Every structure is written in C-alpha cells, then in structure tokens.
Protein chains: 2
Amino acid sequence: MDRRHQEVIDFSSSLSDVWRLLNEKERELLRKSASVQHFKKNQMIYGENDEPKFLMCLLKGKVKIFKEGVGGRSQIIRMIKPVQYFAYRAYFAGEKYLTAASAFEACSVCLIPMPVVEDILKHNFALCKYFIHQLSVDLGIADERTVNLTQKHIRGRLAESLVFLIDSYGLEEDSTINIYLAREDLANLSNMTTSNAIRTLSNFVMEKVITLDGRKIKIIDEEKLRKISKLG
Amino acid sequence: MDRRHQEVIDFSSSLSDVWRLLNEKERELLRKSASVQHFKKNQMIYGENDEPKFLMCLLKGKVKIFKEGVGGRSQIIRMIKPVQYFAYRAYFAGEKYLTAASAFEACSVCLIPMPVVEDILKHNFALCKYFIHQLSVDLGIADERTVNLTQKHIRGRLAESLVFLIDSYGLEEDSTINIYLAREDLANLSNMTTSNAIRTLSNFVMEKVITLDGRKIKIIDEEKLRKISKLG
DNA sequence: TTATAACAATGTTATATAGCACAAAAGTAC
DNA sequence: GTACTTTTGTGCTATATAACATTGTTATAA
C-alpha cells in the first residue's frame with residue numbers, strides 16, 4: 001500500500017461534516033479520486049486568478065485566505081482551521097479564484113476534484129444543502145465584515161480580530177491565543193497599518209486587556225475585549 | 001378569478017431563471033403557494049433580526065439591502081432589480097436577517113414560502129445548483145466589496161458605485177443613469193459621508209466625467225470613470 | 001563571534017476624511 | 001399662496017489614521 005493511499009484512508013475518518021452525508025458508494029468514489037497534499041509554511045495553496053479545480057479540506061495546520069488590494073496592501077478575508085472545507089466558491093460561481101490561499105503554518109490538505117463533487121451533488125440532496133448552508137453562512141459573515149471593517153474605529157477592528165481568533169482557534173490553558181500572527185498579519189486582518197496594529201496592541205496592554213510576549217497574545221479581560229469590539 | 005390569482009399568473013411568466021428549472025408539478029405548487037405583495041416607496045420589506053420566511057422575487061421596482069452600522073450610519077450592501085431573487089440567505093443559514101430591505105421605489109414582490117422552496121429543492125438538483133451558483137457569485141462580490149470599500153480612496157469608491165449603478169440599472173438614451181439616488185444613499189453605498197459624496201460628485205463634474213441635474217447623473221466619460229474606479 | 005535580516009516599537013508629520021454649521025434650493029403639506 | 005421639512009451645496013475645523021523615519025530587539029546565518 002503506497003503512502004498516498006494510506007493517507008486517503010486516514011483522512012476519511014476526519015472529514016466529518018461532509019463524510020457523514022455520503023453513502024458507501026460515494027465514499028468509495030472519494031477515496032479513489034481524492035489525494036492529500038502537504039504545504040510548507042507560507043507556501044501558496046492557490047493564487048488569485050488561478051483556475052479552481054479542487055474542493056479542499058484542511059486536515060492539519062492553518063490557512064489564510066486573502067486578497068491583494070490597492071497598492072500591494074493585502075486583506076485577510078478569512079482563516080481556515082481543521083477540519084474546514086474551502087476553495088469551492090470560485091468553481092461554483094464559474095469564476096477564477098478572486099482570493100489567494102497560503103499555508104499559515106505547515107498544512108495537510110485533502111484535494112477532491114470538483115467534477116467528482118458535482119457528480120455526487122447530483123444525487124445527494126444532503127450535500128447540496130450542506131453547501132447552500134455553508135455559502136449562506138459565509139455570505140452573512142462577509143456582509144457583517146464589510147460594515148465592521150468600514151465603520152468601526154481602529155480599536156474596535158483590532159479587538160474584533162482578536163475575538164475572531166479566540167473563537168476560531170481557541171485559548172491555551174494560560175489564556176494565550178492559539179495562533180501566532182505577525183503584527184503585519186494582524187493588521188491585514190483588521191484593515192490597518194502595521195504601526196497602528198502595534199500601537200493599538202500596546203494600548204490594550206496598558207489597559208490590562210491583554211499581555212504580550214513576542215507574538216504570544218494572552219487574554220486578560222476577554223469581556224472588556226468583546227465590549228471594545230462591539231462598540232467599535 | 002380574484003385579483004391575487006391574476007397576479008400569480010402574471011408573474012409566473014417573468015420569474016424566468018427559476019421558473020425555467022421547474023417541472024409542471026412544481027410550477028403548480030408555486031402558483032398555489034406564492035403571492036404578490038406591493039410596497040410603497042421607502043416601505044420596509046424586512047428588517048434586521050426578522051425571521052426569514054419567504055423567498056422573494058422582485059417583479060417591479062427597485063430594492064435596497066442595507067445594514068445599520070455603528071452610530072446609526074447605514075451601509076447599502078446591494079441593490080436588487082427585476083427580476084432578481086433575494087431574502088433567502090438568512091433562511092438557508094438558519095439565521096435571522098442580518099440585513100434590512102426597503103423599497104427604493106414602488107415595488108411588486110412575489111413571496112414564496114421557504115418551506116415550499118425547500119420541498120422542491122429536495123427533488124430538483126437544477127434548483128439546488130441555481131442557489132449554490134447564486135450564493136457563490138454573491139459571496140465573491142462581497143469579498144471584492146470588502147477590499148474595495150476599505151482600501152480605495154473616496155474618489156475610487158464613488159466612481160465604483162456609479163459604475164455599479166450603470167451596470168445594474170443601465171443608462172437611458174441620453175446617458176443618464178437609470179436610477180435616482182439621494183446623495184445620502186450614494187454615500188451609504190460608497191461608505192462616505194453625504195458631504196463627501198456631494199463634494200466628490202462636484203469634482204467629477206469639474207473633471208467632465210459626469211454632469212448633474214438634481215438627482216440625474218449623466219455619464220460623459222465612462223471610460224475615465226471606470227479608470228478612477230479601478231485605480232482607487 | 002559578527003553580520004544580516006526580519007520584526008517590533010515609537011515618535012513625528014502629513015493628509016484624507018469626518019463633523020459641523022449655515023445658507024440656498026427644492027419638495028411637500030396645508 | 002405660505003409655512004415647513006428635506007435635500008443639496010460649501011466652507012471651516014478637528015481628528016483619526018497613514019506614511020515615514022529611527023531605533024531597539026530578536027532570529028538566522030556565515
């Protein structure tokens with residue numbers, strides 16, 4: 001049994017959400033056509049304007065989805081954690097990718113050819129429903145985000161990003177956020193410059209909302225943080 | 001034949017996109033369960049936090065979808081024209097409405113109970129695909145919009161809104177945009193204050209990109225407008 | 001070890017845009 | 001018609017934030 005096949009067997013147990021919606025025949029189809037690929041830290045998974053070919057499922061690691069904006073400034077659109085599906089929007093819309101994805105840390109990604117997914121969709125209403133639901137949720141998040149990023153002030157935006165990171169990746173026992181972002185990434189997530197991300201973080205430290213140790217962010221007063229996030 | 005039924009017959013011919021995907025039985029089901037409602041100018045169609053119950057199809061008029069942001073500032077998320085479907089995202093996501101919708105001018109809206117839609121979806125893959133496609137396209141637009149609204153400067157954002165209006169509602173023979181927005185709405189679409197919308201419009205007039213006559217906006221140099229929109 | 005680069009912190013300056021006040025114009029109601 | 005509200009247009013001021021420059025700090029490599 002070659003290594004590749006081995007991995008396919010492995011991942012199938014963890015594809016949870018989608019896997020549960022399939023019958024044995026469909027699962028067999030996936031086992032045959034899916035493959036696992038590994039990405040090094042900062043490696044590109046797909047780029048803006050690439051042709052979408054695969055439904056991707058993040059098995060291990062963290063992925064950032066981002067867009068290059070005006071003047072090279074990049075905006076992080078969302079972060080992916082295991083086990084989340086991504087990279088399917090463009091295909092369904094009949095477009096090229098509008099965003100890019102890169103491995104935020106070393107990643108294992110399961111690739112399922114979109115035509116295979118489409119074939120299964122034809123006879124599997126539960127899976128259709130899954131995608132409709134997922135896309136609807138994401139669209140809601142995107143609409144929220146538009147208003148938050150444009151209308152909230154810098155403190156509110158940064159606080160919101162921290163809350164988002166807490167909710168996505170959780171806290172360690174010592175209340176450290178379970179992901180280590182460079183200040184620049186935090187800025188790209190919050191729509192501000194790196195300097196302002198740094199400054200505002202310092203302010204939060206002074207106000208005893210967080211403490212900093214390099215890229216480690218420890219949450220001291222989560223309630224206050226959520227309040228700052230809400231009030232903009 | 002009562003007036004209501006009459007209207008149902010009328011609309012069925014114009015529901016185009018979706019209607020085409022249905023068989024006779026499904027159409028009959030729609031005819032029975034759908035109804036048409038009229039809204040006066042500025043009347044609320046649904047509000048933030050309302051429970052979503054209907055798939056809506058705009059038959060006549062114009063609708064704006066917006067969100068109340070920080071400090072009463074509202075942000076127009078998208079505009080709907082005939083014959084477009086809307087109001088379904090929240091139901092599919094299992095959420096209340098995150099946005100509000102109001103009649104921008106006198107409107108006729110066809111209401112289809114979401115449970116009926118879901119019933120049809122179960123056995124109609126083409127319709128599933130329609131929604132998956134539509135949601136995917138909208139999600140792409142939302143992602144684009146996030147970056148544009150946050151990173152482009154005021155001229156770029158206003159120009160983009162004008163281009164959007166041209167593409168959505170078209171131009172009359174004399175190159176007037178086919179929708180008459182208050183400066184405030186234009187501002188809410190472009191994420192700026194009313195004063196700045198007015199000022200920037202005036203600048204565009206001076207630069208001979210447009211001319212103004214009250215709310216009538218006549219496009220003089222569309223190419224230049226698109227250029228301003230692109231370059232931020 | 002030193003050299004080199006990437007990142008973090010912070011102060012200073014410049015500027016885009018919001019906020020406000022007020023006047024003019026246009027709609028709307030009575 | 002008059003009174004009233006809403007919308008539009010402009011100028012002025014305040015301010016949030018970007019842009020830039022500098023310095024300190026930490027990693028990485030030679």
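A salt bridge here is a side-chain nitrogen of Lys or Arg within 4 Å of a carboxyl oxygen of Asp or Glu. By that criterion the side chains of D185(A) and K64(A) form a salt bridge, at 2.9 Å from N to O, and the count between domain 1 and domain 2 of chain A is one salt bridge. The model is predicted, with local features needing pLDDT of at least 70 and side-chain atom pairs counted only at pLDDT 80 or more, while totals for chains, interfaces and linings use all residues. Residues are numbered from 1 along each chain as its sequence is written, chains are lettered from A and ligands numbered from 1 in the order in which they are written, and side-chain values use heavy atoms, with hydrogens and water left out.

**Domains of chain A**
- The domain assignment, which is automatic or from a database, gives domain 1 (11-140) and domain 2 (152-231) in chain A.
- Their contact (heavy atoms within 4.5 Å) takes 11 residues from domain 1 of chain A and 13 residues from domain 2 of chain A.

**Buried area**
- About 1100 Å² is buried between domain 1 and domain 2 of chain A, with carbon and sulfur atoms giving 52%; buried area is the accessible area (1.4 Å probe) that two parts lose on being put together, summed over both.
- I76(A), M79(A) and F104(A) lose the most area on the side of domain 1 of chain A, together 42% of what that side buries.

**Copies**
- Chain B is superposed on chain A by a rotation of 180° with 0.0 Å of shift along its axis (RMSD 0.0 Å), using least squares on the C-alpha atoms of residues with pLDDT of at least 70 in both.
- The two copies are thus related as by a two-fold rotation axis.
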